[in-house]
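Open your viewer and load the model. This tour goes from the whole chain to single residues, one selection at a time.

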Amino acid sequence: QVQLVESGGGLVQPGGSLGLSCAASGSINSIAAMGWYRQAPGKQREVVAAITSGGRINYADSVKGRFTISRDNAKNSVSLQMNGLKPEDTAVYYCVAYRWYLSLNGPVDYWGQGTQVTVSS
């Protein structure tokens, strides 16, 4: 099993920046990739970004050029730097981990508990 614990999140004004972090523990060696999903009120969960242990990165079109995902393999952690935030970025953000990473929309094996990001003036 893998446990994922997110930190960061909060309230930010439109155009602002915010960073999220996620620490993984447990069966770390089973993780091929880590990433982030989000779920806005009344909407389905959607993938945001993912990064493999080898550094391959994928982003959803909606966040390309604004969000940056990074990974620290030594610390078993993944981060998401969000710039140019928009009200439509408001959502609960979930850290995820994949045992086998096929694509950005591939099956997720582990989920964090989620952290709220609110973009509002």
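Start with the disulfide. Select Cys22 and Cys95 and show their side chains. The link between Cys22 and Cys95 is left-handed, with -80 degrees about the S-S bond. Cys22 sits in strand β3 (residues 18-26) and Cys95 in strand β9 (residues 91-98), so the link ties together parts that lie 73 residues apart in sequence. Keep in mind that this is a predicted model.

Stay on the sulfurs. The S to S distance between Cys22 and Cys95 is 2.0 Å. A search of the whole structure finds one disulfide. In general, such a link is a covalent bond between the sulfur atoms of two cysteines. Are Cys22 and Cys95 buried or exposed? Both Cys22 and Cys95 are buried.

**The whole chain**

Zoom out and switch to a cartoon view. How many helices and strands does the chain have? There are zero helices and eleven strands. Follow the chain from the N terminus, and the elements run β-β-β-β-β-β-β-β-β-β-β.

Now turn the model around. The C-alpha trace spans about 40 × 25 × 25 Å along its principal axes. A compact globule with 121 residues would have a radius of gyration near 14 Å, and the chain agrees with its 13 Å.

The chain exposes about 6100 Å². Carbon and sulfur atoms supply 47% of that area. Of the 121 residues, 44% are buried.

Colour by charge. The chain carries 10 positive and 7 negative side chains. The centres of these two sets lie 3 Å apart.

Then think about contacts along the sequence. Take the contacts in the chain with a separation of 6 or more: residues 24 or more positions apart account for 58% of them.

**Around Cys22**

Go back to Cys22, in strand β3. Its relative accessibility is 1%, so Cys22 counts as buried. Which residues is Cys22 in contact with, leaving aside its neighbours within four places in sequence? Select Leu4, Val5 and Glu6, then Met34 and Trp36.

Cys22 and Tyr37 are 15 residues apart along the chain, and their C-alpha atoms are separated by 12 Å.

**Asn76, in a loop**

Asn76 is found in the loop between β7 (67-72) and β8 (77-82). Look at its backbone. Asn76 has a positive phi of about 55 degrees although it is not a glycine. With a relative accessible area of 26%, Asn76 is partly exposed.

**Thr52, in strand β5**

Move to strand β5 (residues 46-52) and select Thr52. Is Thr52 buried or exposed? Thr52 counts as buried, at 13% relative accessibility; the cut-off for buried is under 20%. Now show what touches Thr52. Beyond its neighbours within four places in sequence, Thr52 is in contact with Ala32, Ala33, Arg71 and Tyr101.

**Last stop: Tyr98**

Return to strand β9 and select Tyr98. Tyr98 is buried, with a relative accessible area of 0%. Tyr98 and Trp111 are 13 residues apart in sequence. In space, they are 9.4 Å apart, C-alpha to C-alpha.

Key:
Residues numbered from 1 in each chain as written. Predicted model: local features only at pLDDT ≥ 70, side-chain atom pairs only at ≥ 80, totals over all residues. Heavy atoms only, no water. Disulfide = S-S within 2.5 Å. Helix = DSSP H or I, 4+ residues; strand = E, 2+ residues; numbered from the N terminus. Buried < 20%, exposed > 50% of the residue type's maximum accessible area, 1.4 Å probe, protein only. Rg over C-alpha atoms; globule rule 2.2 N^0.38 Å. Contact = heavy atoms within 4.5 Å. Areas by Shrake-Rupley, 256 points an atom, 1.4 Å probe, with all protein chains shown as cover. Lys, Arg positive; Asp, Glu negative; His and termini not counted. Charge placed at Lys NZ, Arg CZ, Asp CG, Glu CD.
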